[in-house]
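Biologist: I'd like to learn how to read a structure. Could you walk me through one?
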Amino acid sequence: MDENMLNISDEQLKNLSAEELVDLKVDLEELIDKIDDLIDDCDEIINS
Amino acid sequence: MDLEFNDTKQGNLDNDKKENTINVEEINNNYAQLKQKIANAEKKFAKLKEEANKLRKPYYKYQYIYASVQEKGNEEQIKTAQSKVNEIKEKIEKIKYAANKQKEIIIQSKNAIEKSIEMIKNDPQMGKEIDEALLKRYDRQANKLTQEKAELVSKKAGVLIFKDMLSNHPSVGNNLRGVLSSITEINELESKMQENEYIENGVTKYKDYSVKITLNMQYTDEKIRLDKNLNLLYDYCNKNNIGKEEVNSYINMIGENGIGIVEETGEIDLEYTLNKSINSLDEKMNKYDERISNYMMLKAKKENELGYKLEKQTENKINNDENKTENKINNNENNTKKENDINTENSLEDETENIATYSPIKWWQFGKRFKNWWMGRKQPKLSASNISQEITEEPKENEESKENEEIKEVEKTQENPQTSKQNSQTLSDNFRYQIVREAMNRKQNEDYEYVNNANQNKEEKEEER
């Protein structure tokens with residue numbers, strides 16, 4: 001997997017509107033939740 | 001000269017326009033690019049999750065083999081089983097490591113966005129815009145997660161229906177065991193077939209052709225066995241208004257969380273397997289509850305800051321739809337109770353058929369439908385002696401006529417001692433007779449007073465004489 005796949009720099013955020021920033025923030029929060037689910041699944045398999 | 005000047009000015013303006021358009025394009029591209037990056041990341045994580053879940057079954061299988069071989073097998077068998085378990089465990093650990101690393105990078109990106117948002121918020125007008133945007137987005141997330149949770153609720157309801165079917169019809173259990181073991185076998189055969197194949201110059205070739213033939217035959221046999229068991233399962237579920245697609249989704253879900261095996265017999269332990277699925281669904285639903293309440297809290301906070309509440313359009317829509325079908329289901333149940341004979345049983349088939357006449361039912365209402373059916377089964381059946389419902393449902397009449405009717409009924413039952421015994425059995429009947437007793441006492445007192453008054457009048461008249 002490409003390690004720096006989702007590295008967002010300050011430059012990229014410079015000219016974004018309020019709505020766009022909020023949209024991206026919530027999308028990333030959702031993605032973090034999905035990653036947590038994946039990690040929990042892995043733990044569940046290993047520890048069962 | 002002026003013309004030249006004008007030309008150059010126009011030329012400059014054109015260049016400025018071009019630069020501006022490029023900037024706007026860049027801005028639009030930036031946002032679009034970032035959205036695309038996030039979408040790609042989501043797809044990749046979904047694939048990783050699928051890979052991890054695929055490793056679940058073989059991991060449980062080799063764990064079981066390792067456990068059973070430790071008692072009975074030789075050292076070599078123990079070593080191979082152990083190495084298989086460790087191999088799969090390593091793959092899962094790698095997935096987990098990659099996920100954790102990417103999570104750190106994403107958290108950094110999120111912090112960068114939050115920093116930008118804080119800077120913008122220094123301007124109060126922009127701050128208000130940000131808060132409004134956050135409010136809408138939190139509301140959308142809460143609704144989205146609620147819908148996703150409802151899918152899990154209906155899946156759980158499906159598993160519970162399976163569990164119930166198994167207890168009522170053991171043959172269904174055999175079919176389900178057959179399906180699950182066939183699916184596991186087919187997956188293993190597919191991976192063995194893949195290991196035996198390789199591609200040379202665009203042509204598929206086989207390491208061992210005889211192995212290919214053996215595997216193909218086993219695959220075909222297993223497919224036939226799977227289809228046979230599936231068709232029997234579909235037929236039975238169809239009678240209970242559970243379609244093929246629903247059955248397939250429940251089977252996939254049951255298989256996902258691992259299949260338990262009875263140690264002594266090597267048979268699939270259905271109760272353990274189904275309970276595992278139910279527990280896993282419960283854990284997922286708890287997570288959803290946490291996240292939904294988190295977003296609702298954030299939403300409430302923003303509403304407080306902004307000083308107004310967001311219109312709950314989507315929530316109301318979902319609630320209205322749910323209420324409509326719930327009312328329909330409840331009305332339908334009342335009608336069926338009135339129509340049916342008092343002593344006949346309420347069978348699952350009757351109820352599901354009646355509910356089915358009010359289709360189409362939304363997928364998120366499946367859980368409530370199941371719950372209503374389950375509660376209906378647990379309620380005591382109507383019998384001849386349970387007349388309290390009739391009393392509560394009677395329209396209001398004159399008290400006297402009501403009392404007279406009750407007294408007549410009491411007199412009838414006194415003539416028929418058997419019915420009086422039946423009637424005295426329930427609490428509601430005792431209560432009913434209390435009302436009747438009180439009415440009778442009242443009438444007796446009235447008669448007594450009438451007689452007393454009559455006697456008094458008589459005495460007075462005699463005295464006058």
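Modeller: Happy to; we will look at a chain interface and then at some aromatic rings. Keep in mind that this is a predicted model.

Biologist: How should I describe the interface, and what area is buried between chain B and chain A?

Modeller: The size of an interface is often given as the accessible area lost when the parts come together. Here, chain B and chain A bury about 5400 Å² between them, and 65% of that comes from carbon and sulfur atoms. The contact involves 53 residues of chain B and 44 residues of chain A.

Biologist: How many salt bridges cross the interface of chain B and chain A?

Modeller: The rule finds 15 salt bridges there. One of them joins Lys103(B) to Asp36(A), with the closest N and O atoms 2.6 Å apart. There are also 18 residue pairs in polar contact between the two chains.

Biologist: Which helix gives the most to the side of chain B that touches chain A?

Modeller: That is H2(B), with 22 residues. By type, the residues on this side of chain B are 27 nonpolar, eight polar and 18 charged.

Biologist: Now the rings. How many aromatic pairs are found over all chains?

Modeller: The search finds two. Tyr138(B) and Tyr295(B) form a tilted pair, 5.9 Å centre to centre with 45° between the planes. Tyr138(B) lies in helix H3 of chain B and Tyr295(B) in helix H7, so the pair ties together parts 157 residues apart in sequence.

Biologist: Is Tyr138(B) buried or exposed?

Modeller: Tyr138(B) is buried, at a relative accessible area of 4%. Tyr295(B) is buried too, with a value of 4%.

Biologist: Why is the pair of Tyr206(B) and Tyr209(B) called edge-to-face?

Modeller: Their planes stand at 70°, and over 60 degrees counts as edge-to-face.

Technical notes: Residues numbered from 1 in each chain as written. Chains lettered and ligands numbered in written order. Predicted model: local features only at pLDDT ≥ 70, side-chain atom pairs only at ≥ 80, totals over all residues. Heavy atoms only, no water. Contact = heavy atoms within 4.5 Å. Buried area = accessible area lost by both parts, 1.4 Å probe. Salt bridge = Lys/Arg side-chain N within 4 Å of Asp/Glu carboxyl O. Polar contact = N/O pair within 3.5 Å; in protein donor to acceptor, adjacent residues only side chain to side chain. Helix = DSSP H or I, 4+ residues; strand = E, 2+ residues; numbered from the N terminus. Nonpolar A, V, L, I, M, F, W, Y, C, P; charged D, E, K, R; others polar. Phe/Tyr/Trp six-rings, centres within 6.5 Å; stacked < 30°, edge-to-face > 60°. Buried < 20%, exposed > 50% of the residue type's maximum accessible area, 1.4 Å probe, protein only.
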